Amino acid sequence: MARTVLTWWIPLLILQSFLLAIAFGSNEVEEEFSESLLLKPLPDRKVLAHFHFENRAPPSNSHGRHHHLFPKAISQLVQKFRVKEMELSFTQGPWNHEHWGGSDTLSSMNAKPVGVELWAVFDVPRSEVDTSWKNLTHALSGLFCASINFLESSTSYAAPTWGFGRSSDKLRYGSLPREAVCTENLTPWLKLLPCRDKDGISALMNRPSVYRGFYHSQRLHLSMIDSGMLLEQSLTVVLQPDTVYDGKDLQPSWSLSSLFGRKVVGKCVLAKSSNVYLQMEGLAHPEAHTLLKNEEFELSIKPDRTLRETSSVLFIFDIDKSSDSEPFDLSLTWKLPSKWSCQQAPLHASRFLMGSGNERGAIAILLKATESQDKLSGKDITNGGRCRIKANVFQIFPWYVKVYYHTLQIFVDQQQNTSSEVLKKINVSPSADKMSSGMMEMMLELPCEVKSVAISIEYDKGFLHIDEYPPDANQGFDIPSALISFPDHHASLDFKEELSTLPLLSKFKDKSLVRSYTEVLLVPLTTPDFSMPYNVITITCTVFALYFGSLLNALRRRIGEEERFLKSKGKKTGGLKQLLSRFTAKIRGRPVESPSSEPTAAAQSSVLSSKLLFKIILVAGVAAAWQYFSTDK
C-alpha cells in the first residue's frame with residue numbers, strides 16, 4: 001500500500017516542479033534590469049556623473065510573489081501600502097543652476113533640495129491616505145536607516161493640489177532639510193540592486209569619492225505602469241578632477257580611475273544593457289566630432305555610437321567587452337580652451353529672509369530673468385498676442401512660522417502689482433498650532449520681457465514648549481525649500497535615432513517639467529536659557545546635601561558621652577600610663593610632660609563642638625530661609 005501511494009505522488013511532484021520552473025522562467029524573462037552612467041563636463045571645471053539603474057517587474061496580484069531581479073522590499077511596500085507612485089531622495093549640497101544647468105532633462109529630474117524629500121501618491125480611499133503615509137514613512141525609515149519617520153507628524157507634511165506638478169487629492173509631500181546624508185543611507189540603497197556594488201557600473205561608487213563631491217543626490221522613484229512596476233535608482237554626483245592648474249584656460253583632463261579611484265571590470269551579469277555615455281556641450285563644430293581624436297579633445301576609448309543633438313554630442317560606450325585583464329577606464333584630455341554655458345530656466349529663483357529681531361519678519365522670493373529666456377520655446381501666446389511666462393510657486397511653512405497671507409505683495413520690475421494680471425490662481429492652507437503646517441500655491445503669469453519679480457509675505461514667530469526644542473535649538477529652525485515650476489516649459493533631448501533599447505536615453509527623450517528648488521531658510525526663534533534648570537538643580541542639591549549631611553552627622557555623634565568616656569578611661573589607666581611615660585622620658589633624656597594637657601584638650605574639644613553646633617544652626621537657618629522664600633505664596 002505504501003509503495004502504491006509513493007508511486008502516485010512521484011509523478012505529481014515532478015509535474016508541480018515542472019510547472020513552477022515554467023512560471024519562474026517566464027518571470028525571469030519578464031523582469032528586466034539595466035544600468036548606465038552619464039558623464040558630462042561642466043563649465044566651471046567640474047564633472048557631473050549620473051548613475052542610472054532601471055528595474056522592471058510584471059504586475060502581480062499575489063502577496064508573496066518571488067522576484068528574481070526586482071527588490072522584494074519595494075514590492076512589499078507597494079502591496080501593503082497601495083503606493084501608486086513614490087519618490088525619495090537624499091541630497092547633500094546645493095545645486096548650482098547657473099553653472100550646472102536649469103532647464104535640461106538631467107537637472108529638471110535630479111536637482112533636489114538639501115536633506116530628505118519624500119512624496120507619494122496612494123491608491124486608497126481619501127480617508128486612509130494619512131494612515132498609509134504614516135506607515136510608509138516608518139517602513140522607509142527602517143529600510144534606509146534614516147529619520148524619515150519624523151514625517152509622520154501632521155506638522156511635517158502637506159497635501160498639494162496642483163502647485164507640486166501632480167494634480168491628485170491623494171498626494172502627500174514632506175521634507176527634512178536638516179537630515180544628514182552618509183554611507184548609512186547609501187548602503188541600503190545599493191542593496192536594492194541585483195549586483196549591489198560588487199560588479200558592473202555600481203562598482204565605481206567608492207564612498208570617499210562620492211562624498212567628497214560638491215553635490216550628491218541619491219534618488220529612488222517608483223511608479224506603477226501598464227506593464228507592471230518600474231523602479232528607477234539614480235545617483236548624481238558633481239566632482240572636481242584632481243588636476244593642477246597650469247595657468248591656461250584648458251578644461252581639466254580626467255579619467256574614471258582619477259574620479260572614482262576604480263575601473264569598470266565588466267558589466268553586471270544580470271543587466272540586460274550596460275552603457276557609459278559622455279555628453280559634450282559647447283563644441284565649436286558638433287557635427288565634426290565623431291572621431292576618436294579631434295582638434296578640441298581626445299578620448300582614450302573609441303565610442304561605439306555617436307548621437308547628435310541640437311546643442312550637444314553624445315558618445316555611447318558598451319562595456320560588455322571589459323574584463324579584469326582589459327578594464328574600462330575612459331579618459332578625456334582637452335587640447336584647446338573651451339567655454340560654454342548651460343541651459344537655463346526662464347527665471348532664476350532665490351529666496352531669503354527680511355526683517356530683524358525674534359518677533360516678526362518676512363519671506364521673499366526673487367525671480368530674475370536669465371540669458372536663455374528668449375531662446376526657450378515653451379512660451380504661451382495669449383489671445384491678445386502677448387507673450388506670457390507661467391510660473392507655479394509651491395511653499396510649505398512650519399506651524400511655528402505664522403504667515404499672514406493677506407500681506408502678500410508682488411513686485412514686477414520693482415513696481416508693485418496688485419492686479420489679477422500677474423496672480424492668476426492661489427491656494428492657501430493656513431497652519432494650526434502644533435497640528436498642521438501651512439501651505440501656499442500660486443500661479444503667476446508674467447510678461448516675457450520681465451526682468452525681475454519679487455514676492456514677499458510677512459510672518460510672526462511662534463513659541464515652542466521646552467520639550468519641542470531640538471538639541472541644537474540655538475542654531476535655528478529650517479523652512480523647507482520652495483519649488484518653482486514652469487508648466488509651459490519642458491526639457492528633453494531631441495535625438496533622431498530610435499532609442500527604445502537604451503533606457504536612460506529614452507528617459508531623457510521624454511518631456512519633463514522644468515523646475516527648480518530654492519534655498520533652505522534658517523529662522524532663529526526665541527529660545528529659553530536651557531542652563532537655568534541645571535543651575536537651579538545644582539545649587540538646590542548642594543544646599544540640601546550640606547544641610548542633611550551636617551544634620552545626620554550631629555544626630556549620630558554624641559559629644560558629651562564621648563568626653564566622659566575618654567575621661568573615665570584616662571582615670572582608670574592614668575597611674576600606669578604616667579609611670580610608663582616617666583620611665584620612657586628618663587631613658588630618652590626628655591622632660592616629663594605635665595598632666596595639665598588633658599584639660600587643654602578637653603577645652604579644645606568643647607570649642608570644636610561649639611563651632612560645629614554653630615555651623616549646624618547656620619545651615620539649618622539657610623535651608624529654612626531658602627524653603628520659605630522659594631515657596632509660592
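Good morning. A word of caution before we start: this is a predicted model.

Let's begin with the chain as a whole. The chain has 633 residues, and 44% of them count as buried. It carries 13 helices and 27 strands. Its accessible surface comes to about 33,600 Å². Carbon and sulfur atoms account for 56% of that surface. Now the contacts. Take those between residues at least 6 apart in sequence: 75% of them join residues at least 24 apart.

On to the cysteines. How many disulfides does the structure hold? Two. Count the bonded cysteines along the chain, and the pattern reads 1-2, 3-4.

Here is the pair between cysteine 195 and cysteine 268. Their sulfurs are 1.8 Å apart. Where do these two cysteines lie? Cysteine 195 is in the loop between α6, residues 183-191, and α7, residues 207-211. Cysteine 268 is in the loop between α8, residues 256-260, and β10, residues 273-281. So the bond ties together parts that are 73 residues apart in sequence. Now the handedness. The torsion about this S-S bond is about 75°, so the disulfide is right-handed. Are the two ends buried or exposed? Cysteine 195 counts as buried, at 12% relative accessibility. Cysteine 268 is buried as well, at 1%.

Next, cysteine 387 and cysteine 448. This disulfide has an S to S distance of 1.9 Å. Its torsion is about -70°, so the disulfide is left-handed. Cysteine 387 sits in strand β18, which runs over residues 387-397. Cysteine 448 sits in the loop between β22, residues 438-447, and β23, residues 452-461. The parts tied together here are 61 residues apart in sequence.

Cysteine 182 counts as partly exposed, at 31% relative accessibility. Cysteine 541 is also partly exposed, with a relative accessible area of 47%.

To recap. There are two disulfides. Thank you.

Conventions. Residues numbered from 1 in each chain as written. Predicted model: local features only at pLDDT ≥ 70, side-chain atom pairs only at ≥ 80, totals over all residues. Heavy atoms only, no water. Disulfide = S-S within 2.5 Å. Helix = DSSP H or I, 4+ residues; strand = E, 2+ residues; numbered from the N terminus. Buried < 20%, exposed > 50% of the residue type's maximum accessible area, 1.4 Å probe, protein only. Contact = heavy atoms within 4.5 Å. Areas by Shrake-Rupley, 256 points an atom, 1.4 Å probe, with all protein chains shown as cover.
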